[in-house]
Amino acid sequence: MSGISRISRGREQSRNFQSNPEDRGKEIWLKDGDQVFATPVATGEDNDANLDELYLYTFQVGKRWTNVLKAEGVDTSGVPEDANISHKFALWVYVYNIIHTEKRVDDWEEIEGPSGKKMYREDVNDYRIVSLGFGMRDATWNQLVDCHNDLNGLNKGVLRFKRTGVGRYDTSYQIIATPKTDVIPEDRQKEIKDLPTIKDYFMERYGKFNAPEGANGNDSSDDDELF
């Protein structure tokens, strides 16, 4: 179910009824305090396959956390009964940079934050996927809807995605439209048509589950990245 209005209708109806760690794929994995500055490829309009919703099982295999897509055609017979099911929305964006509070990679550039605090900029300049939970009472999702309404289309401006918190129960996300004027480089815009749909990407990445002796290709080494 793609598009701002279609997903929102689905959420309203639901309320009425009451990987390999070295292979991060195209998803953005944020830690506490990280900020992503990006222009969405997704417009938010109906039938835009660059924005969609999905369900993921999350559970441990050995010492690692694993995601498996909950969707038609995916064999989930090996998923534990107590696995957590998360409902997320995901969208393609063009990421300009990510601002970190800690320097975890040598080539991140040290910069000064608004309050004089040292921060570290990771230049990305590439297409990535942002996937987030809807939040309590759809708080996170509604921020994206506000950006769509304020900009008259998600792809009309630069958004900031910020994570605060380190675990499942104390993590929140902020999504705001910024005054930045960056645009996707003209020579990169032709790549948009070749991006897989959100559904296809997650099916390819999380649509298979084999767990030989506690290993799985869908896992992540940091459990706080999953929330």
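Of the 227 residues in the protein chain, 48% are buried. This is a predicted model, and the chain exposes about 12400 Å², with carbon and sulfur atoms supplying 45% of that area. Its secondary structure amounts to 3 helices and 9 strands. Read from the N terminus, the elements follow the order α-β-β-β-β-β-β-α-β-β-α-β.

**Aromatic pairs**

Let us turn to the rings. A pair of aromatic rings is described by the distance of the centres and the angle of the planes. Searching the whole structure turns up 9 aromatic pairs. Among them is the pair of Phe-89 and Trp-141, which is edge-to-face, with 5.2 Å from centre to centre and 65 degrees between the planes. Phe-89 belongs to strand S4 (residues 84–100) and Trp-141 to helix H2 (residues 139–151), so this pair ties together parts that lie 52 residues apart in sequence. Are these two partners buried or exposed? Phe-89 counts as buried because its relative accessibility is 0%, and Trp-141 is buried too, at a relative accessible area of 1%.

Another pair joins Tyr-94 and Tyr-96: the ring centres are 5.5 Å apart and the planes meet at 65 degrees, so this pair is also edge-to-face. Here again, both Tyr-94 and Tyr-96 are buried.

| Aromatic pair | Centre to centre | Angle between planes |
|---|---|---|
| Phe-89 and Trp-141 | 5.2 Å | 65 degrees |
| Tyr-94 and Tyr-96 | 5.5 Å | 65 degrees |

Beyond these two pairs, you can look for an aromatic cluster made up of Trp-92, Tyr-201, Phe-202 and Tyr-206.

**Charges over rings**

Two lysines are worth a look in the viewer. The charged end of Lys-70 sits over the ring of Tyr-55, at 5.9 Å from the ring centre. Since the cut-off for a charge over a ring is within 6 Å of the centre, the 5.9 Å of Lys-70 meets the distance part of that test. Lys-180 lies over the face of Phe-37, 5.0 Å from the centre of that ring.

**A buried loop residue**

Where does Asn-50 sit? Asn-50 is in the loop between strand S1 (35–40) and strand S2 (51–61). Its relative accessible area is 15%, and because buried means under 20%, Asn-50 counts as buried. Which residues does Asn-50 touch, leaving aside those up to four places away in sequence? The contacts of Asn-50 are Val-41, Ala-42, Ala-90, Leu-91, Trp-92 and Ile-198. One of these, Trp-92, brings us back to the rings, as Trp-92 is part of the aromatic cluster with Tyr-201, Phe-202 and Tyr-206.

Note on methods: Residues are numbered from 1 along each chain as its sequence is written. This is a predicted model: local features need pLDDT of at least 70, side-chain atom pairs count only at pLDDT 80 or more; totals for chains, interfaces and linings use all residues. Side-chain values use heavy atoms; hydrogens and water are left out. Rings of Phe, Tyr and Trp (its six-membered ring) pair if their centres lie within 6.5 Å; planes under 30 degrees apart count as stacked, over 60 as edge-to-face and the rest as tilted. Helices (H or I, at least four residues) and strands (E, at least two) are DSSP runs, numbered from the N terminus. Buried means under 20% relative accessible area, exposed over 50%, partly exposed in between (1.4 Å probe, protein chains only). A charge sits over a ring if NZ of Lys or CZ of Arg is within 6 Å of the ring centre and within 35 degrees of the ring normal. Accessible areas come from the Shrake-Rupley method with a 1.4 Å probe; for residues, only the protein chains shown count as cover. Contact means heavy atoms within 4.5 Å.
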